[in-house]
Amino acid sequence: MTESGSADLKRRHRAMWALGDYSSIATEVIPGLGRRLVEVCRIGPGQRVLDVAAGSGNAAIPAAEAGANVVASDLTPELFEAGRRIAAERGVDLQWQEADAEALPFSDAEFDAVISCVGVMFAPFHQAAADELVRVAKPGGTIGLINWTPSGFIGQMFATMKPFAPPPPPGAQPPPLWGDEAHVRSLLGDRVTDLELRRENAAIDRFADAAEFRDFFKTYYGPTVAVYKAIAGQSDKIAQLDRALAELAAEHDLGDGRMEWEYLLVTGRRAG
C-alpha cells in the first residue's frame with residue numbers, strides 16, 4: 001500500500017470509530033471487560049501502563065484506579081472526551097494520547113504492561129500491530145489483550161455485516177482473527193513467553209430483546225453505523241441487514257435479552 005493510500009485508510013478508520021458513541025458501548029454493554037483485563041494482568045501501583053486502542057478508557061481507567069501510571073492511546077481522539085469525563089467522575093488521572101496502533105509514538109521497552117481491550121484487534125494489519133505491542137513493552141513486561149473470537153457473537157456479527165460493507169483494503173485482516181489462538185501465537189511468536197490463551201464469556205444484559213440490540217448498535221457502534229451508512233438509500237439492503245442482525249441476536253438470546261459474548265483473554269510476558 002502506498003503512503004498516501006495508508007494515510008487515507010487511517011483517516012477512514014479514525015472516522016469510522018468517531019461515528020455513533022463508543023463510550024455508550026463500553027459503559028453500558030461491556031463495562032466489566034476492562035476491569036477483568038486489569039485484574040488478570042495484575043496491574044497495580046507504580047507500574048507504567050499503555051492501553052493501545054483505548055477508546056474511551058474501558059481498561060485504561062480501571063488501570064489508573066489500580067494505582068498505575070497510565071497512557072490511554074487511540075487513533076480516534078474524539079473518543080477521549082468521554083473518557084476524560086468518566087475518569088474525572090471516578091477521581092483518577094491518566095494521559096490521553098493520539099496514536100496509531102501500527103506505529104506507536106513511544107520508545108522501545110517503555111512500559112511495564114501493554115494492554116488492549118477489544119481495541120488493537122481492529123487495526124487492519126495485524127502483524128504490524130503485534131510488533132508494536134511487543135516493542136514498547138519492557139523485557140519481562142506484561143502483554144494483555146481481550147479480543148472477540150470469530151465463533152463468538154461479535155465475530156458472527158461482523159460476518160453478518162460483511163456482505164453489506166465495502167471491501168477491505170488489500171492486505172487487511174478481519175478483526176476477529178485476533179480471537180483465534182493459532183493466529184495470536186503466530187503474531188507474537190517466541191517474543192512473548194508464558195503465553196496463556198483462554199476463552200471466556202462476557203455476560204450481556206443491556207438489551208430487552210433482539211430488536212433493541214440491533215437498534216442500539218446501528219446507532220452507537222461505529223463499525224455498524226458505517227455499514228448502514230454505506231447502504232444508505234438502499235431500502236432493500238437496509239431491511240435485509242435489519243433482519244439479519246435481529247435474527248443473530250435472537251439466536252443468542254438466553255432469555256429476556258440476556259446473551260453471552262465470547263472473547264479470548266491473552267496474557268504473556270515479553271521475552272528478554
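Is E200 buried or exposed? E200 is buried, with a relative accessible area of 16%. Buried here means under 20% relative accessible area, exposed means over 50%, and partly exposed lies in between, using a 1.4 Å probe and protein chains only.

A word on the basis. This is a predicted model, so to speak of local features we need pLDDT of at least 70, and side-chain atom pairs count only at pLDDT 80 or more, while totals for chains, interfaces and linings use all residues. Residues are numbered from 1 along each chain as its sequence is written, and side-chain values use heavy atoms, with hydrogens and water left out.

Back to E200. E200 sits in strand β6. Strands and helices are DSSP runs, numbered from the N terminus: E, at least two residues, for strands, and H or I, at least four, for helices. The E200 side chain makes a polar contact of 2.7 Å with that of R36. Another, of 2.6 Å, joins the side chains of E200 and Y263. By polar contact I mean a pair of N or O atoms within 3.5 Å; within protein, one must be able to donate a hydrogen and the other to accept it, and residues adjacent in sequence count only if both atoms are side-chain atoms. Leaving out residues up to four places away in sequence, E200 touches R36, W261, E262, Y263 and L265. Contact means heavy atoms within 4.5 Å.

Now the sheet. It is open, has 7 strands, and runs in the order β3-β2-β1-β4-β5-β7-β6 with mixed pairing. Two strands pair if DSSP finds at least two bridges between them. The edges are β3 (95–98) and β6 (192–204), each pairing on one side only. On average, neighbouring strands are turned by 20° against each other, direction ignored.

Two pairs in detail. Strands β4 (residues 111–117) and β5 (residues 137–148) run parallel, joined by 6 bridges. In that pair, F111 stands opposite A137 of β5. Helix α7 (residues 153–161) packs on the sheet and touches β5 and β7. Its direction makes about 110° with that of β7. Axes are lines fitted to C-alpha atoms, for helices over the stretch in contact, and angles run from 0 to 180 degrees between N-to-C directions.

Strand β1 (residues 48–51) also pairs with β2 in the parallel sense, over 4 bridges. There, R48 has N69 of β2 as its bridge partner. Strand β2 (residues 69–74) is mostly covered, with 5 of its 6 residues buried.

Next, the core. A nonpolar core is a set of buried Ala, Val, Leu, Ile, Met, Phe, Trp, Tyr and Cys residues joined through side-chain atoms within 4.5 Å. The largest one holds 93 residues, and I30, L94, W148, M157, F217 and W261 touch the most other members. Strand β7 (residues 259–270) gives the most to this core, with 6 residues. Take W148. Not counting residues up to four places away in sequence, its contacts include I30, V118, I154, P176 and W261.

Which residues does R214 contact, leaving aside neighbours within four places in sequence? They are Y228, D242, L245 and A246. R214 lies in helix α9 (residues 210–220). R214 is buried, at 17% relative accessible area. Its side chain makes a polar contact of 3.0 Å with the side chain of D215.

Cysteines. The structure holds 0 disulfides, a disulfide being a pair of cysteine sulfur atoms within 2.5 Å.

Last, backbone angles. Most residues other than glycine have a negative phi. A109 is not a glycine, yet has a positive phi of about 55°. A109 is in the loop between β3 and β4, and at 29% relative accessibility counts as partly exposed. V118 has a positive phi too, near 40°. V118 is in the loop between β4 and α6 (126–136), and at 6% relative accessibility it is buried.

That's the tour.
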